[in-house]
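Hello,

Here is the structure I promised to pass on to you. Please have a look at it first, and then read my notes below.

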Amino acid sequence: DNGVVTTDLSQVPSRDVLLDFDRTHNLTITLGYTTPKEFGPIMFGGYPFENFTLSLNSFARSGRPYTSSYNPTLINGARTPAEYNSNLRLTRIIDDFFGTKGTIYIEVFNLFNNKILNYDYLFAEANPNQTNPYIQYYDHYAINDPQNGVLYWNQTNSQKASSIPVDQSFLIYANEPRSYNFGLALEF
């Protein structure tokens with residue numbers, strides 16, 4: 001009030017101010033192994049283990065900050081769970097596949113079937129200093145708690161007698177469950 005500027009910072013709390021996209025740790029690993037021609041034992045007049053490539057791509061990263069319902073005044077004072085994912089690909093080159101070069105492959109996405117929570121759906125703030133209602137369910141109950149867990153159903157439809165409730169549990173996760181791709185690529 002009197003125009004005096006103070007440089008005494010002893011009463012100012014020191015704390016990092018984290019933004020909602022902060023990831024303190026992020027580890028990405030890509031591994032690959034390829035077998036050469038004429039690799040392995042001879043079986044049925046050929047080398048069944050030659051020209052294989054096995055590759056793995058994985059990441060592990062810390063969760064993102066969010067404002068917990070336990071203390072909504074502490075902005076971004078809590079962390080979501082850590083996130084993990086691994087994808088695997090196995091290919092085999094066949095030099096003479098009916099007169100052309102072919103590659104057969106299998107891909108496995110989300111190898112360990114990890115679940116990554118959808119940050120925008122569960123943890124986004126409704127307004128400053130006010131958490132969205134899903135955070136309260138997340139903070140106090142297990143995700144899959146049948147009575148009090150995160151809401152899976154469209155509230156509007158489930159309360160009307162004439163409407164059929166719609167399962168929206170896919171919104172809770174940002175990734176897809178384990179999936180497989182099989183394929184064949186031909187060179188002409």
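To start with a question: which side chain meets that of E83 in a salt bridge at 2.8 Å, N to O? The partner is R61. Since E83 belongs to strand 5 and R61 to strand 2, the pair ties together parts that are 22 residues apart in sequence. E83 is buried, with a relative accessible area of 7%, while R61 is partly exposed at 24%.

Before going further, please keep in mind that this is a predicted model. The chain has a mean pLDDT of 85, and 86% of its residues reach 70 or more. Confidence is highest in strand 2 (residues 52-61), at a mean of 98, and lowest in helix 3 (residues 155-158), at 47. Over residues 156-160 the pLDDT stays under 50, and the model has 5 contacts beyond four places in sequence for them.

Back to the charged pairs. The structure holds 5 salt bridges. Another of them joins R23 and E83, with 3.2 Å from N to O. R23 sits in the segment before strand 1 (26-34) and E83 in strand 5, so this pair ties together parts that are 60 residues apart in sequence. R23 is partly exposed, with a relative accessible area of 24%.

There is also a salt bridge between R89 and E107, whose closest N and O atoms are 2.4 Å apart. This pair links distant parts of the chain, with R89 in strand 5 and E107 in strand 6 (residues 100-109), 18 residues apart. R89 is partly exposed at 29% relative accessible area, whereas E107 is buried at 14%. Through shared partners, salt bridges join R23, R61 and E83 into one network.

Now for the nonpolar side. The largest nonpolar core has 12 residues, among them Y66, A78, L117, F123, V150 and I172. Helix 1 (119-122) and helix 2 (133-140) each supply at least two residues of this core, and the largest share, 3 residues, comes from helix 1. In soluble globular proteins, nonpolar side chains tend to be buried together.

On the surface, you will find a nonpolar patch formed by Y33, F39, M43, F44, F49, L54 and L90, with about 740 Å² of accessible area together. L90 is in strand 5 (residues 83-97), and L90 is partly exposed, with a relative accessible area of 32%.

Enjoy exploring the model!

Best wishes

Key: Residues are numbered from 1 along each chain as its sequence is written. This is a predicted model: local features need pLDDT of at least 70, side-chain atom pairs count only at pLDDT 80 or more; totals for chains, interfaces and linings use all residues. Side-chain values use heavy atoms; hydrogens and water are left out. A nonpolar core is a set of buried Ala, Val, Leu, Ile, Met, Phe, Trp, Tyr and Cys residues joined through side-chain atoms within 4.5 Å. Buried means under 20% relative accessible area, exposed over 50%, partly exposed in between (1.4 Å probe, protein chains only). Helices (H or I, at least four residues) and strands (E, at least two) are DSSP runs, numbered from the N terminus. pLDDT is the predictor's confidence in each residue, from 0 to 100. Contact means heavy atoms within 4.5 Å. Patches are made of residues with over 30% relative accessible area and no salt bridge: like charges are joined within 9 Å, nonpolar side chains (Val, Leu, Ile, Met, Phe, Trp, Tyr) within 5 Å. Accessible areas come from the Shrake-Rupley method with a 1.4 Å probe; for residues, only the protein chains shown count as cover. A salt bridge is a side-chain nitrogen of Lys or Arg within 4 Å of a carboxyl oxygen of Asp or Glu.
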